[in-house]
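User: Could you walk me through this one? I would like to start with the contacts across the chains.

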Amino acid sequence: MIFISTIARLLGIPKGCIMEQPITSLETGTTAVILRLEGGHWFQNKMRGIGIREQKTIRLVAKHPFNGPVVVEVDNREMTIGRRMAEHIITRIPK
Amino acid sequence: MKKIVLMGNPNVGKSVVFSRLTGANVIASNYPGTTVDFSKGKMCLGKEGHEIIDAPGTYSLEPSNKAEEVALEMFEQADLIINVVDATNLERNLYLTLQILERKKQVVLALNMWDEARHTGVTIDLKKLEHDLQIPVVPTVALSGEGIHDLIGRIDEVRSLEKIEPMNESDRWIKIGKIIRNVQQVTHRHHTLRDWISEASIRPLTGFPLALAMIFTALWLVSFIGETLISYFFDPLFTLYTPIAMGLSTWLGPGILQELFIGKLIDGQIDYIQSMGLLTTGIYVPFAMVLPYIIAFYSILAIFEDSGYLPRLATLTDTIFHRFGMHGFGIIPVFLGLGCNVPGILAARSLETKKQRFIAATLIAISVPCMAKNAMVFGILGPYGVGYIFLVFATLFIVFVVSGLILNQLMKGDSPEICLEIPPYRKPDTVTVLKKTLMRIRWFLKEAIPFLFLGVLLINLLYTIGFVEWLGGIFAPVIQGWFGLPKEATTALLIGFLRKDLAVGMLLPLGMSPMQLVIATTLLTIYFPCVGTFAVMFRELGIRDMIKATAFMAGTAFMVGGMMRLVLLGI
């Protein structure tokens, strides 16, 4: 999942054409819509509890190096989440 | 008497509401996870007294860490819930509200941070919200006290309701969606300078330099304020006091009473650090050496806490802290531990697993020196040069890193990832900062003075009965042979169990070289926690893990002491 954007770039596919990708493969500063949360019930509950839910607009504020956490913004609120969790947040960039 | 429990998401201001309702002071800060335990207070309503309980924040009634478990426990006992809600983030907050209502609890909703909601362009129709939820809704600004009166007034209006039936998670969100569409309007907001600063301080490229600058400024401020307070206020105060103490000394005359209250005169004069009398060292150490730094540290800490910077720091340190078996939030207990290990270890409750909490508590106890001890290290090593102070802290830092790496490998269990809300930056309020600092100073004095007196008494007693000689003899092979310290240092290590600051003071009369002092003060942090820390570790970790942690500390102290001797003394 992580490499989709890289592959797409190599193939010369413009960004907007990629249907869905995890929030972690977005470029910093990009806004997208959450399509679904992948993973166990506990994880999904936790994410929704802090405001990360399907249909919400999400912005990638920062991505920390060495597989560090990502910072996202939903409903004007910033949140730090671990990289592995973030990889399970699937988004789409609206056209 | 009714039990009223304050519940809500983390960092919505429950503790501030609690202080407003009860008049009792509890620590409130601008980061999620400030409250890890419950506080109780009383409030009068009409003629009836009620018990008010401040519970830790939680996103739902399914706890995911120890602090949230406490919240759930409080919830079960409650007769009535004041559900404190962040008005700027109503949608997410309503999830807990619905869960509470489904459990048939009586609820009043406090829409807190009402002013901030207005500023950020959020409008909420109170009448409609009351209608949808069928409970009283009161807008509040707990920081200024606005709305608190109404909140109290409407507690009586609460009645049981049968309307909300238990539902599953997705139905709950659907219901919330309906309510939000009905009651809330958000006007689009442009990015402000505050947002820009917020993002700069959390992005890696700009965040790290900023963090370093912040921490160095903070350290510099603490030492500057501490030193200034000592040289311009506390030392002059004791200069005035000296003739009184000397007079008392003469009046008492040589004997047991003089020994006890004034202590040993050095060249016919009182030496506030070395005399070891109740009315000399017993009050000089806490007031003139430690208190100034406590004041400095806690006022700076309060500014950090209230600004909302700490969660950003936690984000920046996340990657590193994963190597130590924790995640970025671990920096917050460490930060608090620099003031006093006890609240530091308590703050580890917000970490999710046992492994994380064990590592956090052990690392704090082993390598995070508390301010009382730091102050003494500054006071005693300072005259020899800053380099020696640096050696102590550099060694402790290495111990922190190496122990973290080792413990992460040794300990079984999970280290889940970080999941932390970043609050907006808020300007720390001067009065709140002062109040909070004062509260912590009072707490320090209450804890420190009795133990210091006990320590001084014990030292006198142990010397008189010859216990010190005997103990020194037993530990001589380790202390003298392995660490390269005089065997009398054993007593200081013993007293360190009561008060580390007093123990550092006891090292001075032993005539050690500066390098020996560096070794001794470093070991004083590593070898064993003080009695208060010990008690809180026992409570938080249980007896087995506490013994494990203690064994790890003793082992580390043994190795580090030996190595320091080799490197620093060269023998």
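User: Which residue forms a salt bridge with A:R48?

Analyst: In this predicted model, B:E169 is the partner of A:R48, with the closest N and O atoms 3.1 Å apart. A salt bridge here is a side-chain nitrogen of Lys or Arg within 4 Å of a carboxyl oxygen of Asp or Glu.

User: How many salt bridges are there between chain A and chain B?

Analyst: The count is eight salt bridges. There are also 18 residue pairs in polar contact, both residues at pLDDT 80 or more. A polar contact is a pair of N or O atoms within 3.5 Å; within protein, one must be able to donate a hydrogen and the other to accept it, and residues adjacent in sequence count only if both atoms are side-chain atoms.

User: Which element gives the largest share of the side of chain A that touches chain B?

Analyst: That is α2(A), with seven residues. Elements are DSSP runs numbered from the N terminus: helices are H or I with at least four residues, strands E with at least two.

User: How much area is buried between the two chains?

Analyst: About 2,800 Å², of which carbon and sulfur atoms give 49%. Buried area is the accessible area (1.4 Å probe) that two parts lose on being put together, summed over both. A:R77, A:E78 and A:T80 supply 24% of what chain A buries against chain B, more than any other three residues.

User: And how many residues does each chain bring to the contact?

Analyst: Chain A brings 34 residues and chain B 30 residues, where contact means heavy atoms within 4.5 Å.

User: In which sense do β5(A) and β11 of chain B pair?

Analyst: The two strands pair in the antiparallel sense over four bridges, β11 being residues 419–422 of chain B. Strands pair if DSSP finds at least two bridges between them. A:M79 stands opposite B:E421 in β11(B).

User: Changing topic: what is the strand order in the open sheet of chain B?

Analyst: The six strands run β2-β3-β1-β4-β5-β7, with mixed pairing. β2 (39–45) and β7 (137–139) of chain B stand at the edges, each with a single partner strand, so one side of each is left without a neighbour in the sheet.

User: Finally, what conventions apply?

Analyst: Residues are numbered from 1 along each chain as its sequence is written, and chains are lettered from A and ligands numbered from 1 in the order in which they are written. Local features need pLDDT of at least 70, side-chain atom pairs count only at pLDDT 80 or more, and totals for chains, interfaces and linings use all residues, while side-chain values use heavy atoms, with hydrogens and water left out.
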